[in-house]
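The exercises below concern one protein model. Each gives a task and then a solution in steps.

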Amino acid sequence: MSAPASSRRPSVVARWAMIGVLAAGIVSHNAIAAWQESHSFMINASESLPNWAFFVSAGKQPQKGDYVFFVPQPGELVNRHFGPDQGPFGKQVIGMPGALVEHRGDLVYVDGVKVARIKPRTRLGEPLHPGPTGIIPRDCYYAGTDHPDGFDSRYAEIGFACRKAILGTGTPIL
């Protein structure tokens, strides 16, 4: 007579299968944890970009046309409009290090191409100041949008997005 099924020891194959499942679980957990350290999911709450959801990867050197997510420089206007703990800004890289940014009247040009119009005031009537001009420094980018109300590098309150403030580049998913 054989022992009841509940008192049987697992077969060698079953034991190795359990060890394999455990090992796969550990490897998967470690891979996901490593991925989370350099990736995030961000929601764009403004109308300045055509997409509203992005996967953001840290550590990649931004290229022209990439979406870049950065922490804006601190300032009263940014705090009033977005709060003292505002999230990162997402914009598109329009100008790379070494590109020439010029203001011609209320128009902004990057390497001779018109990229934006500067408004004198916010929608709430607060003064806006023209952003930086000249050669974009190393490790900095002109980050902008073609939206007429975009709050981006065209204004001094945002300025260039530089490496120390960049969280990563984004891939639109929705």
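Helices, of at least four residues, and strands, of at least two, are DSSP runs numbered from the N terminus. The model is predicted.

**Exercise 1. Find which residues the disulfide joins, and state which parts of the chain the pair ties together.**

Step 1. A disulfide requires cysteine sulfur atoms within 2.5 Å. Cys140 and Cys162 meet this rule, with an S to S distance of 2.0 Å. The count for the model is one disulfide.

Step 2. The angle about the S-S bond is 105 degrees, and the link of Cys140 and Cys162 is right-handed.

Step 3. Cys140 belongs to strand E9 (residues 140–144) and Cys162 to strand E10 (residues 161–162), so the pair ties together parts 22 residues apart in sequence.

Step 4. Cys140 has a relative accessible area of 8% and is buried.

**Exercise 2. Describe how enclosed strand E4 is, and name strands that pair with E4.**

Step 1. Six of the seven residues of E4 are buried, so the strand is largely enclosed by the rest of the structure.

Step 2. Strand E3 (residues 67–70) runs antiparallel to E4 and is joined to it by four bridges. Within this pairing, Val68 has Lys91 of E4 as its bridge partner.

Step 3. E4 also pairs with E9, over three bridges and in the antiparallel sense. Here Gly95 stands opposite Tyr142 in E9.

**Exercise 3. Give the strand order of the open four-stranded sheet, and identify the strands at its edges.**

Step 1. The order is E7-E6-E5-E8, with antiparallel pairing.

Step 2. Strand E7 (113–117) and strand E8 (134–135) each have a single partner strand and stand at the edges, so one side of each is left without a neighbour in the sheet.

Step 3. E8 is joined to strand E5 (residues 100–104) by two bridges, and the two run antiparallel. Gly134 in E8 is the bridge partner of Val101.

**Exercise 4. Characterise the largest pocket by its volume and its lining.**

Step 1. The largest pocket holds about 720 Å³ of space.

Step 2. Its lining consists of 28 residues; Ser46, Phe82, Lys91, Arg123 and Phe151 lie nearest the centre.

Step 3. Helix H2 (76–82) and strand E4 (89–95) each contribute at least two residues to this lining.

**Exercise 5. Summarise the whole chain.**

Step 1. The protein chain contains two helices and eleven strands. From the N terminus on, their order is α-β-β-β-α-β-β-β-β-β-β-β-β.

Step 2. Of the 174 residues in the protein chain, 35% are buried.

Step 3. Consider the contacts between residues at least 6 apart in sequence: 60% of them join residues at least 24 apart.

Methods
Residues are numbered from 1 along each chain as its sequence is written. This is a predicted model: local features need pLDDT of at least 70, side-chain atom pairs count only at pLDDT 80 or more; totals for chains, interfaces and linings use all residues. Side-chain values use heavy atoms; hydrogens and water are left out. Buried means under 20% relative accessible area, exposed over 50%, partly exposed in between (1.4 Å probe, protein chains only). Two strands pair if DSSP finds at least two bridges between them. On a 1 Å grid over the protein atoms alone, a cavity is a set of points where a 1.4 Å probe fits but cannot get out, and a pocket is an open set with protein on both sides within 12 Å along at least five of seven lines; lining residues have an atom within 4 Å of a point. Grid points are joined across faces, edges and corners, and a volume is the space filled by probe spheres set on the points. Contact means heavy atoms within 4.5 Å.
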